[in-house]
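Please report on the pocket lining and the aromatic contacts of the structure below.

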Amino acid sequence: MTMVQASRESASQIPADQLYLDDLHVGQRFTTGTYRLDEAQIKAFALQFDPQPFHTDEHAAERTFFKGLAASGWHTAAITMRLNVESGPPLAGGFVGAGGEVSWAAPVRPGDVLHVESEVVEVTPSRSRPDRGTIVLLSRTVNQRGDVVLIQKAKLVVLCKIAA
């Protein structure tokens, strides 16, 4: 079985509302649903993956750079991923990363309600693989006050529509 045959078979299993590379254009925008973060979630994630006092102990956090409990940046990045996958651009084949940059613009606190606003900033068909290409998706994770808390520029592999 060739790669093109395999891609045709997998593409036929993708729901009709999914977006292929051919459907995407520079300037296209997407906004996700929301995610509410609480103290227990912040501490649980941090205890497992980023056990620093400003993520795990509200009293110790008062005396740190953050001046209070703050979610791990990696927790914020994981929430950004979840929101994009569940209610962001419905990319055919899913969110397949090929690189990127992330920056944390502001701390995320217990009670924050986050959503993601994304824009396609680049669309590039593959020169060697006609069944795919890449996009660059610029995502900003925003809290309920309108503060940008995370900026992510992700290069993603996206399937092309392949004629049957």
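Strand 3 contributes the most residues to the lining of the largest pocket, five. Helix 5, strand 3 (96–104) and strand 6 (148–159) are the elements that each give two or more residues to this lining. Helices (H or I, at least four residues) and strands (E, at least two) are DSSP runs numbered from the N terminus. The model is predicted: local features need pLDDT of at least 70, side-chain atom pairs count only at pLDDT 80 or more, and totals for chains, interfaces and linings use all residues. Residues are numbered from 1 along each chain as its sequence is written, and side-chain values use heavy atoms, without hydrogens and water.

The lining has 15 residues, with Met 81, Gly 99, Gln 152, Ala 154 and Leu 156 nearest the centre of the pocket. A pocket is an open set of points on a 1 Å grid over the protein atoms alone where a 1.4 Å probe fits, with protein on both sides within 12 Å along at least five of seven lines; lining residues have an atom within 4 Å of a point.

Four aromatic pairs are found in the whole structure. Rings of Phe, Tyr and Trp (its six-membered ring) pair if their centres lie within 6.5 Å; planes under 30 degrees apart are stacked, over 60 edge-to-face, the rest tilted. Two of the pairs are tabulated.

| Pair | Centre distance | Plane angle | Type |
|---|---|---|---|
| Phe 54 and Phe 66 | 5.0 Å | 50° | tilted |
| Phe 65 and Phe 66 | 5.1 Å | 85° | edge-to-face |

Phe 54, Phe 65 and Phe 66 form one aromatic cluster.
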